[in-house]
Amino acid sequence: MDRAEKLKKYGHKKGHKQGKRPFKQPANAGTGLLVAGVAGLLVLAGLFFFAFYHKKEEAVLSYVTNEELASCMSFLQGDAMPKEWEKRAESYVTQGQLKDLIQNIGLAGTISVAGGNGQLKRDAVMDCYEQILDYLDLAGVVRKETILVLSWDGTSCQTPDGILKGNLASFGFSSFHTYGVYLLDDTILGIKAESEKTVALRQAQAHTAKGGKVSFTYEKIEYKIPCIDKEGMEKLQKAAGSVSCTLCIKGGAITKIKNIKEEESSGEKQETTASKKLSDTVKVLLLNKGDLYYDQIYLSCDSKWVVKKSQKQTAKKPSEVQSIKALKLKKGKFAVIEPSEENGRLYFTDRDGSHTSNGYYGSFTVYRDAKGYYVVNKVKIEKYLYSVVASEMPASFGEEALKAQAVCARSYVYRQMAAGDYSSYHAQIDDSTNYQVYNKSEVVDADVQAVEATAGEAMYVKDEIVNAYYFSSSAGHTANMEIWNQDEDTYPYLKIKSLNPSAKDGQKLDLSDESDFKQYISNTDVDAFDSTSRYFRWKARAELSSCLKELKEKIKQRHEINPALITYYRTTGKKAQKVSSLKGFGGVEKMYCAKRGKSGAILVLTIQFEFGKVEIRSEYNIRSVIGIAMEQITYADGTTDTASRFLPSAYFTISLDKKSKRYVLTGGGNGHGMGMSQYGAAGMAQAGWNYKEILSFYYDGANIQKVR
């Protein structure tokens, strides 16, 4: 396609002056001798530049990768980027590559770019990009905005105005920093630059101010951030309880706290999860074997039901099958499917009508976008809990354990509904272990009775519903927030607790010493409420070299999700240097525990390669990465498994069997280890504890009360 054809395809901005717009290249160093005074100023400027921008270099803000530039160009029809760029996605854009792009989109005679192999700074690339937008973005679909990043997980960005999507982990956003970005609808295409703008969060709910940090809630989400306003910190510390305030944020910290207002005792309080009316329904995204999307869906119902599309409503008979493709939904449209009777249940089926799922109460909304169909189940929370309790805990665990599970699940769902993780998909949570397992087991009477016996009950600390994390079984202790590399004070009601029935309440526990934990985990006779679980003690065998490709892929995958938790270092020089990829690391040499937490969980796992090393943080990352290399696991009951590719927990020691050249992992527990042990709850119920006693043990200082 020549220049004329490309301009015809991409369009030309009407009214724009013809002729070349010079593209400014970075000035060449050493063009002449400068006077001593000017040279001195340049030296000082250079030192300032290095000191100020060094961290930005590490955050990949000084340069633009080929991948990011391709994202910026995605607003065009067709393929704007040269195909060979895909092989160099993580490389920084050079002058020559930018020149090739300009030629490829037919603007070589309009925008002037010099060739060469020199890497271009971000401001130079984005200046050229804005010229491209002037010529080719005729409809103005790409817009520039300044955003404050509240949190960033590699795929979505929480801002004060809502969630923005972005598929590039290389963006390198830092929480509570401000950036100028390019947006297409609600998707971030690229970063113009980090901004020096101060953003005010009005009506934030501040809870605590200590250790130079402020803990607060904004738009139903909790945050903790450094604060440099000492006077404001002192005012918050003097306030009784939570206060409403305005937080001025810049460069990763609160610079000023304004408009501090304590809650009125007259009852005119700021809204909290306790003082406002909470919804009695939840919207659950129903995953397709872990995926968000379906290519085709067949649905049926055990009662009369209706299908609503736009203004049209079609009545259906019981067991009649509806093909979603037959509805001919256009992209961006949806259909609502709901039973005509209150207790009717919807089913996924095959094309012949045979059920492929358990029944769902409530309604389905089927949405269609560019990637396919996705399904959201809107259901009353109490009926949602029937299926959560059934899926999360066997009925054989006993009445009081099931009640404890019901209150945990109810507390947990209310907290997660407020987070807005799936708001871009019209949902609040999904049906997997990412939140709570939902509708994967048939509901029995014991599940219904446990939910109804605790109807509306949740756990509170002060005026907030607790984040009621729970897990399958422990290695003898629960954990606190250190397992997710967060401050222990984030949720003070989640403490390290011994599940030994004879342990003294308040007994200090610390298994962070490697030799102490090794001695503890090797003991198979530990007395604990959940020692009946086959996961209480286990031993796994792992071999890393034979699965090197899969191991690196898993590391890369987890790094893309949250780069802050997995760090790459090149070790070929005198000092380990932080790098952005595993390229050139070679084979595996060894792995070891670099840091262990007080609960015994590994907090930092290091894998040493021939020419680099990887530090892995967070228990889920550790379990998923090392699980790739697991050949066999033997449980406490003597049974073995050779198919599992996910470690039961991060509570394990590492030793190398020199004869077989396999790593032996001696561990215990199943799950993250924080909050309530489900097997532990069963053991307590069997010992005569009621559900309130069970919950007060696991969630320190929590009170059970009705949600309202």
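This report walks through the fold, the sheets and the aromatic contacts of one predicted protein model.

Local features are taken only where pLDDT is at least 70 and side-chain atom pairs only at pLDDT 80 or more, while totals for chains, interfaces and linings use all residues. Residues are numbered from 1 along each chain as its sequence is written, and side-chain values use heavy atoms, with hydrogens and water left out.

## The chain as a whole

The protein chain has 708 residues, and 51% of them are buried (under 20% relative accessible area with a 1.4 Å probe, protein chains only; exposed is over 50%, partly exposed in between). Its secondary structure comes to 14 helices and 38 strands; these are DSSP runs numbered from the N terminus, with H or I over at least four residues for helices and E over at least two for strands. If you look at contacts (heavy atoms within 4.5 Å) with a separation of 6 or more, 66% of them join residues 24 or more positions apart. The accessible surface is about 34,800 Å², with 48% of that belonging to carbon and sulfur atoms; areas come from the Shrake-Rupley method with a 1.4 Å probe, and for residues only the protein chains shown count as cover.

## Two open sheets

Strands count as paired if DSSP finds at least two bridges between them.

Leucine 286 has valine 375 in β22 as its bridge partner.

| Strand | Partner | Bridges |
|---|---|---|
| β14 (residues 281-286) | β22 (residues 372-380) | 6 bridges |
| β9 (residues 199-210) | β12 (residues 243-250) | 6 bridges |
| β9 | β10 (residues 213-218) | 5 bridges |

## A hairpin and a helix

β9 and β10 form a hairpin with 2 residues between them, and glycine 211 in the turn has a positive phi of about 60°. Lysine 210 has lysine 213 in β10 as its bridge partner. As for β12, its cysteine 245 stands opposite alanine 204.

In helix α4 (residues 95-104), the buried residues are Gln95, Gly96, Gln97, Leu98, Leu101 and Ile102. They pack against α3 (66-72), β2 (111-112) and α5 (122-136).

## Aromatic contacts

Searching the whole structure turns up 34 aromatic pairs. The rings of Phe, Tyr and Trp (its six-membered ring) pair if their centres lie within 6.5 Å; planes under 30 degrees apart are stacked, over 60 edge-to-face, and the rest tilted. Phenylalanine 348 and tyrosine 360 have ring centres 5.9 Å apart and planes at 80°, so this pair is edge-to-face. Phenylalanine 348 lies in strand β20 (residues 346-349) and tyrosine 360 in the loop between β20 and β21 (363-369), so the pair ties together parts that are 12 residues apart in sequence. Phenylalanine 348 is buried at a relative accessible area of 10%, and tyrosine 360 is buried at 5%.

Tyrosine 535 and tyrosine 635 are also edge-to-face, at 5.0 Å centre to centre and 70° between the planes. This pair links distant parts of the chain, 100 residues apart: tyrosine 535 is in the loop between α10 (514-521) and β27 (538-542), and tyrosine 635 is in strand β33 (residues 630-635). Both tyrosines are buried.

Ring pairs also link Tyr293, Phe334, Tyr367, Tyr374, Tyr422, Tyr425 and Tyr435 into a cluster.

Then there are charges over rings (NZ of Lys or CZ of Arg within 6 Å of the ring centre and within 35 degrees of the ring normal). Arginine 345 lies over the face of tyrosine 361, 5.8 Å from the ring centre, and arginine 537 over that of phenylalanine 536, at 4.4 Å.
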